[in-house]
Amino acid sequence: MSKTDPGHYFEDFRLGQVLVHATPRTVTAGDVALYTAFYGPRFSLFSSDEVARASGLPAAPVDPLIAFHIVFGKTVPDISLNAVANLGYAEGLFLAPVYPGDTLMAESEVIGLKENSNRKTGVVYVRTTGTNQRGEAVLRYVRWVMVRKRSAEAEVAEQATPKLAEAVAASDLIIPATLDFSKYDYALGGAPHAYEDYEIGEKIDHVDGMAIEEAEHAMATRLWQNTAKVHFNQFERAKDPSGRRLVYGGVVISTAKALSFNGLQNAGLILAINGGRHVSPYFAGATVFAWSEVLDKADLGGGVGALRLRLVATKDRPCDDFPGKDEAGTYNEQVILDFDYWAAVPKRG
Amino acid sequence: MSKTDPGHYFEDFRLGQVLVHATPRTVTAGDVALYTAFYGPRFSLFSSDEVARASGLPAAPVDPLIAFHIVFGKTVPDISLNAVANLGYAEGLFLAPVYPGDTLMAESEVIGLKENSNRKTGVVYVRTTGTNQRGEAVLRYVRWVMVRKRSAEAEVAEQATPKLAEAVAASDLIIPATLDFSKYDYALGGAPHAYEDYEIGEKIDHVDGMAIEEAEHAMATRLWQNTAKVHFNQFERAKDPSGRRLVYGGVVISTAKALSFNGLQNAGLILAINGGRHVSPYFAGATVFAWSEVLDKADLGGGVGALRLRLVATKDRPCDDFPGKDEAGTYNEQVILDFDYWAAVPKRG
Amino acid sequence: MSKTDPGHYFEDFRLGQVLVHATPRTVTAGDVALYTAFYGPRFSLFSSDEVARASGLPAAPVDPLIAFHIVFGKTVPDISLNAVANLGYAEGLFLAPVYPGDTLMAESEVIGLKENSNRKTGVVYVRTTGTNQRGEAVLRYVRWVMVRKRSAEAEVAEQATPKLAEAVAASDLIIPATLDFSKYDYALGGAPHAYEDYEIGEKIDHVDGMAIEEAEHAMATRLWQNTAKVHFNQFERAKDPSGRRLVYGGVVISTAKALSFNGLQNAGLILAINGGRHVSPYFAGATVFAWSEVLDKADLGGGVGALRLRLVATKDRPCDDFPGKDEAGTYNEQVILDFDYWAAVPKRG
């Protein structure tokens with residue numbers, strides 16, 4: 001028996017199959033420090049135990065994207081080692097905050113399989129759940145990836161394409177049980193903007209730009225034990241037309257999210273991921289810019305509001321004119337990310 | 001109202017104005033590990049809980065420069081986002097040690113304003129205080145920066161140039177309350193040199209050289225949540241004659257300080273910053289060298305001495321001939337830092 | 001007296017001399033996070049407190065290589081600052097697990113001295129012991145380095161070449177006192193392979209490739225407070241024919257070890273280092289590949305087995321044909337590491 005794990009090919013998956021992913025991971029203050037070093041986030045809730053305690057939490061939770069990256073990383077060897085492309089995310093819901101000391105595990109259920117007409121690849125849909133050491137689910141999301149077949153001739157078992165929600169309903173959002181923004185300190189948060197100050201349709205240019213080096217994205221991706229070869233194996237990537245290692249899409253998400261502080265200072269706590277698309281590849285060296293649009297708002301009660309936000313990131317292109325899709329639906333060629341999420345924000349009244 | 005923070009321009013500041021800076025920051029063992037990875041410091045007091053306990057402290061405090069960088073970083077969005085240049089530091093005093101778990105906040109008072117004759121810029125002087133979660137001040141320092149005006153025509157309110165001490169008086173130095181060097185282990189410290197072994201006027205070449213990569217300085221600067229665009233936005237910096245991101249001056253200070261171990265092995269604990277000048281810009285790739293001069297000495301009692309040290313750093317130039325200013329007062333063109341501080345050192349007798 | 005430490009030259013060493021190395025180092029969760037970011041290891045025992053507890057340990061120990069790098073780093077200023085080459089390791093034995101919070105110190109005894117016939121250099125053999133804050137030895141190993149003489153004329157005192165074991169005997173291996181693999185979770189470990197599944201003579205291609213950047217190896221090496229100039233001083237290295245900083249051999253060991261997960265998923269816990277050779281220099285940018293050979297097996301009792309493994313790493317060369325030495329004993333020119341160690345692995349029956 002070969003001891004080396006070749007990953008799964010499209011014909012290896014079955015509808016309803018449950019995969020228990022390897023390598024549980026204890027989250028630590030070291031991860032938080034590295035996350036700060038990679039992206040420079042400034043949201044006060046994750047930066048300060050004192051701010052978190054004043055908000056009803058026992059200590060600063062880790063940025064929900066840390067939990068997302070860790071859980072995502074665990075799925076790579078089983079789901080996407082032979083992937084051609086990561087196609088999308090949906091129905092992502094953060095269910096409980098994660099604190100340093102918690103240990104995360106991940107499981108995925110195959111909820112959709114669709115062979116492509118060339119018979120060389122197929123799309124695999126999985127619903128992944130991350131749980132902590134108490135067995136509590138901390139996040140759940142769907143992603144779908146295009147996976148190679150080992151052989152074009154291989155027969156594929158039952159196929160199905162799941163029906164996925166266009167967005168998580170505001171009524172399904174879950175705020176941390178004890179979260180209380182009634183004493184939220186806007187000065188320490190970095191801006192006076194509350195739920196009431198954001199308008200649906202409002203666009204915000206986040207102004208700042210952030211370059212990412214090869215060492216930075218590689219370290220950021222290894223930290224999550226993500227093993228996708230495209231991020232690390234330069235010898236192999238030299239044969240690609242780009243000649244470059246591809247940057248993990250999660251690095252772009254976290255970079256853009258950190259940039260969004262400048263305009264969304266008090267809306268750091270992601271509650272749900274409605275969808276996301278890595279519009280074009282990002283290679284190290286280019287400067288990431290970002291802008292956001294308020295897509296929806298919801299009063300969650302108890303002084304907490306939610307903003308549904310579209311976060312668009314570009315490479316080497318400032319976002320003062322909010323580049324996105326043109327009227328024909330074609331993306332500006334410098335757009336690299338189109339990400340749709342819900343975030344909590346304090347409500348004044 | 002725009003949600004994006006444009007930072008303050010010179011005409012926005014008022015004498016006596018107090019700015020509460022955003023994003024309190026809990027310091028962790030993760031920050032300490034990163035600090036070690038960025039600079040390679042070897043001072044035993046910060047490296048080992050056991051050494052710290054043998055010195056009367058409850059655990060290893062973080063290098064005072066970590067507290068300095070965190071507090072400095074907090075001030076950037078409010079003070080120096082529109083700065084042309086960081087001109088100097090004075091009257092910096094470390095008031096209490098910082099330990100992992102402490103949460104730091106920062107406030108600044110505007111103590112000086114001086115418009116330049118071109119009316120396009122002005123110099124802002126602030127006294128910044130960093131405090132911990134118990135409201136105790138942990139450090140206080142003055143810095144002055146040249147800040148752009150939004151409009152040359154703008155009238156500037158009351159102006160004043162503060163009178164700043166040339167150096168912190170030895171009698172004002174504060175050593176950590178329970179610090180006790182009576183059992184100081186010189187072998188574990190790395191050298192037998194005590195207070196008595198240093199002579200005023202003595203110069204020490206620190207011999208070693210350290211190159212810094214783009215990824216390293218960018219991570220080091222993001223770790224402190226310092227947002228100055230010149231360090232990160234390569235797209236914008238490509239338009240500068242250098243074409244390069246500028247390295248945060250604090251990276252040079254920490255690099256030179258870590259190099260100073262070789263000769264100042266037992267003098268790692270900075271007590272005060274008398275002054276500092278970033279003589280010329282440093283860009284990634286060049287190798288940093290450093291030398292020190294003993295400017296003054298003071299017996300602080302209780303087995304603790306203080307050395308007033310001048311720390312000079314260069315780029316791509318060894319320091320065996322102690323390069324500094326020539327007789328006309330012009331710096332050698334490879335000098336990048338001239339830093340004046342007090343450090344504690346064990347006294348034998 | 002010069003305050004700068006010049007390091008020891010060959011004629012400064014004496015047989016039987018004991019050197020207490022400076023700068024004890026408290027290991028933290030920050031070091032573990034950085035280790036993960038540098039190498040991307042996935043061995044479950046070091047990644048998860050829960051897995052470690054299920055294996056009878058109080059929490060996740062740090063990878064034994066972290067202890068090795070820290071202890072090795074401490075010896076550099078005293079042993080190898082003036083080294084021409086790091087020649088080999090032998091008789092390395094891990095004696096007790098290290099946990100975050102432990103403080104490591106190091107001492108070395110000179111056990112061999114052999115001047116080279118050119119009289120310009122000599123080989124120094126030291127047995128180094130790392131101890132924790134309770135004075136317990138956590139690892140012990142022999143290494144030998146070629147060290148410059150200050151002067152070719154200098155007389156060298158008593159010389160001797162120690163007799164070193166070809167490998168640590170299986171009966172000398174020490175497993176952590178409470179380690180219990182009876183409930184080992186192979187799914188969380190990443191593969192079903194147990195002691196029984198490995199055959200002596202079996203070769204495993206680890207498939208994956210990992211590029212290392214200058215920033216990554218420099219940070220990884222500074223983290224261990226290793227001060228060898230060849231890794232950091234680019235100004236000086238520019239005069240070398242390579243023009244490059246040399247990567248610390250320990251970076252190659254840790255990279256290859258992390259790659260070995262793919263095939264040795266449950267054999268992460270190094271018990272002993274039998275030998276190791278840095279066959280040729282590695283410079284940043286090249287992609288590291290690795291393969292392993294099972295050299296020996298030993299049932300240690302209590303459900304724990306040991307595999308003696310040869311780990312070979314290459315640069316820019318996949319290892320599907322297991323490159324090593326040819327029949328004449330000459331290494332393939334892309335081989336950079338030949339490392340021989342014992343690792344624990346769960347035994348099923």
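Q: What area is buried between chain B and chain C?
A: The area buried between chain B and chain C is about 3100 Å², and carbon and sulfur atoms give 59% of it; buried area here is the accessible area (1.4 Å probe) that two parts lose on being put together, summed over both.

Q: And what kind of model is this?
A: This is a predicted model, in which local features need pLDDT of at least 70, side-chain atom pairs count only at pLDDT 80 or more, and totals for chains, interfaces and linings use all residues. Residues are numbered from 1 along each chain as its sequence is written, chains are lettered from A and ligands numbered from 1 in the order in which they are written, and side-chain values use heavy atoms, with hydrogens and water left out.

Q: How many residues does each chain give to the contact?
A: Chain B gives 45 residues and chain C gives 34 residues, where contact means heavy atoms within 4.5 Å.

Q: How many salt bridges are there across it?
A: The rule finds 4 salt bridges between chain B and chain C, each being a side-chain nitrogen of Lys or Arg within 4 Å of a carboxyl oxygen of Asp or Glu.

Q: Which residue does R245(C) pair with?
A: R245(C) forms a salt bridge with E213(B), and their closest N and O atoms are 2.5 Å apart.

Q: New topic: what rotation superposes chain B on chain C?
A: A rotation of 120° with 0.0 Å of shift along its axis does so, with an RMSD of 0.0 Å, by least squares on the C-alpha atoms of residues with pLDDT of at least 70 in both. The two copies are therefore related as by a three-fold rotation axis.
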